[in-house]
Amino acid sequence: MLSQVCRSGFQPFSRRLLSWAQSTAVSRSCMYHRKLRSRVQPSGIRHVRSWSNIPFITVPLSRTHGKSFAHRSELKHAKRIVVKLGSAVVTRGDECGLALGRLASIVEQVSVLQNQGREMMLVTSGAVAFGKQRLRHEILLSQSVRQALHSGQNQLKEMAIPVLEARACAAAGQSGLMALYEAMFTQYSICAAQILVTNLDFHDEQKRRNLNGTLHELLRMNIVPIVNTNDAVVPPAEPNSDLQGVNVISVKDNDSLAARLAVEMKTDLLIVLSDVEGLFDSPPGSDDAKLIDTFYPGDQQSVTFGTKSRVGMGGMEAKVKAALWALQGGTSVVIANGTHPKVSGHVITDIVEGKKVGTFFSEVKPAGPTVEQQGEMARSGGRTLATLEPEQRAEIIHHLADLLTDQRDEILLANKKDLEEAEGRLAAPLLKRLSLSTSKLNSLAIGLRQIAASSQDSVGRVLRRTRIAKNLELEQVTVPIGVLLVIFESRPDCLPQVAALAIASGNGLLLKGGKEAAHSNRILHLLTQEALSIHGVKEAVQLVNTREEVEDLCRLDRMIDLIIPRGSSQLVRDIQKAAKGIPVMGHSEGICHMYVDSEASVDKVTRLVRDSKCEYPAACNALETLLIHRDLLRTPLFDQIIDMLRVEQVKIHAGPKFASYLTFSPSEVKSLRTEYGDLELCIEVVDSVQEAIDHIHKYGSSHTDVIVTENEKTAEFFLQHVDSACVFWNASSRFSDGYRFGLGAEVGISTSRIHARGPVGLEGLLTTKWLLRGQDHVVSDFSEHGSLKYLHENLPVPQRTTN
């Protein structure tokens, strides 16, 4: 039915639908809800089905109304929600008729939330626009008949539509609007009920009690109330002193109506949808306008309000006043865009899930800076850091290395707290990643000193010099990328490594660590800032401690130039999906292979397999698939490999070909493209080095792959033909690491083919810019009849100085 509505428009839809919707929708959907209520569990948890592209979740909802939510992440606990649809959201661009596609999407989202066990209420505009469409059609129809009879067809083009009075339009549109809502909600087996109110209904105590009782009864019966001002009889808005105090608010538009209704019904959340993204610090569309993520009472003095929307009675100032009034009454408020085609299909559910959408109104100001402010501080601090002398940046890193060893006891004490809190919650491989030790801290300090040594001539290094013409010289020099966002899980040792690389390369840095390492990350960040302070660039490295979701951080495309995820393959995939407009450096999987050739050394194979698989199985460079040449099956070498794996308690998964050779095989592998991250290993059989290469290209992740052989020709063939970031001969896959490569440390291992590949150290965090020095040179001098000619001579590049 909805597809028919969207295709055919109002006229054919109304004739087929109005009588059917009003006579059958209520009875059928209410019958459904009697059945649905019988399935609600005593605990208040509702088990529901799902449809459409919006996922259902099973949500325990219980909250005592009193104070508003302090943070967006708490909005998922909202049980009673009012959604206010502004005129600009409900109506089409021509202001005659409804935006049926948007309405259908909004109804779907409200239905999803209703079926999660929440109590949804709608405050909607649209009756005037709907009625205007109907009345214009009737007027055109009647005029065309009269003029056809009396004036002939030539005057039809000159017909003028009279100005339609808003109350008459509202009277004509109310029934059609409600019938449309009924029809849409019925598609999701939800019953809706219409309530028309005026300002007097809130000022008369008896009427107020009646309204309150009606709404509570509808919510109890799982019915969605659809509330609107009775625009057919409502008096003109009075310029009274409304919005002063919790008990006084004049209902003169749907913004104030929604706020009043939200407070009266002790609502947890009020969502106000308009045609702008939210509240801006200056008029939207201006060059320096920034969306305000969170708005606090008292901030309105710093905001410039623009004009009101193209339709409707209230502008943004009215919305803010109504929102602050509702906030004072204990209801959280979000103002967001309900018209944008890319977000309107999930804007309501995104808000309830706590995502950064629109402007959130909160009474609780955070103790520290917002993540946006941290991004600006990292940008400013990074630019200052890049202007320091190389020796000064190296001094900062040396000081940080000293602090890691000098403050060892405090660091290990904080790490012990993290380990105690994670016990029983994290798997053994993740606990190992989380753990710090004296030897780890010593290794970190050594790595940092290597970074300091290599940073002496990193920023500002001349890569190319060209004489374009006489007295016109061009240089290409290295410069920082800008602001890096590094997101890491269960790896506190990652923080000083990445910080040192950012300092050496002159980049600003935002760090987002896992909450399981909160204590360790906090002290390591404090030590980093202490080291930065010796040259006044403390703010260049920021640790995001707010409850910002990773997906929200990935949207800060104006503040972040590169995202580097360090964690599970799922984390990397999620970030790559969420980061729109910001490049992501990293790898989603570490499916590393080792091919044991028919000419492999017996003495080398077991050592290499043991080290690659068992030394640290949770690492991304650990061995996951062992490819064995067919000729080695049932040989002493093969038996030694299997015996060693048994001793190390490695669980073996047999590939399809390997399983076919065995009478009683281990569990057959579910997928040849698996990163186990534990003491598990897939073994498969191949007939040749070429088949091994083909297998790696088909099932590998272009991370690190190894050949074990004594045949140099075979080895070189493997090294040249395997298309991975790291390819080794007779060496453990665990060597794929920035520290072991002599880079000092790494921000991660990249399998990308652009910019940096493999372990990414200092060089991978630099980009270039071009410097052109001339003397009044203009392009026209080099034209066909100009006085100058291009030389394009390569000039010697200054040699790098190393300590």
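1. Strands β16 and β18 (residues 680–686) run parallel and are joined by five bridges. Strands are DSSP runs of E with at least two residues, helices are runs of H or I with at least four, and both are numbered from the N terminus; two strands pair if DSSP finds at least two bridges between them. Within this pairing, Ile-628 stands opposite Val-685 of β18.

2. The model is predicted, so that local features need pLDDT of at least 70 and side-chain atom pairs count only at pLDDT 80 or more, whereas totals for chains, interfaces and linings use all residues. Residues are numbered from 1 along each chain as its sequence is written, and side-chain values use heavy atoms, with hydrogens and water left out.

3. Strand β16 covers residues 623–629, and seven of its seven residues are buried, where buried means under 20% relative accessible area, exposed over 50%, and partly exposed in between (1.4 Å probe, protein chains only). Strand β15 (residues 592–596) also runs parallel to β16, with five bridges between them. Met-594 has Leu-626 of β16 as its bridge partner. The chain passes from β15 through helix α21 (residues 602–614) to β16 in a right-handed β-α-β crossover; right-handed means that, with the strands pointing away from the viewer, the path from the first strand over the helix to the second runs clockwise.

4. Which residues of helix α17 are buried? The buried residues include Cys-494, Pro-496, Gln-497 and Ser-505, and in total twelve of the twelve residues of α17 are buried. The helix (residues 494–505) should span 16 Å at 1.5 Å a residue, and its end C-alpha atoms are 17 Å apart, which agrees; the expected span is 1.5 Å times one less than the number of residues. Just after α17, Gly-506 takes a positive phi of about 75 degrees.

5. Val-334 belongs to strand β7 (residues 332–337) and counts as buried because its relative accessibility is 0%. Leaving aside residues up to four places away in sequence, the contacts of Val-334 (heavy atoms within 4.5 Å) include Leu-75, Val-272, Ile-351 and Phe-360.

6. Gln-476, in strand β10 (residues 472–480), is buried at 15% relative accessibility. Among the residues that Gln-476 touches are Arg-461, Leu-463, Thr-768 and Trp-770.

7. The structure holds 36 salt bridges, each a side-chain nitrogen of Lys or Arg within 4 Å of a carboxyl oxygen of Asp or Glu. One of them joins the side chains of Asp-293 and Lys-356 (3.7 Å, N to O). Asp-293 lies in the loop between β5 (269–274) and β6 (294–295), and Lys-356 in the loop between α11 (347–352) and β8 (359–361), 63 residues apart. Both Asp-293 and Lys-356 are buried.

8. Glu-746 and Arg-566 form a further salt bridge, their closest N and O atoms being 3.9 Å apart. Glu-746 lies in the loop between β20 (726–729) and β21 (748–750) and Arg-566 in strand β14 (residues 562–566), so the pair ties together parts that are 180 residues apart in sequence. Glu-746 is buried at 7% relative accessibility, and Arg-566 is buried at 12%.
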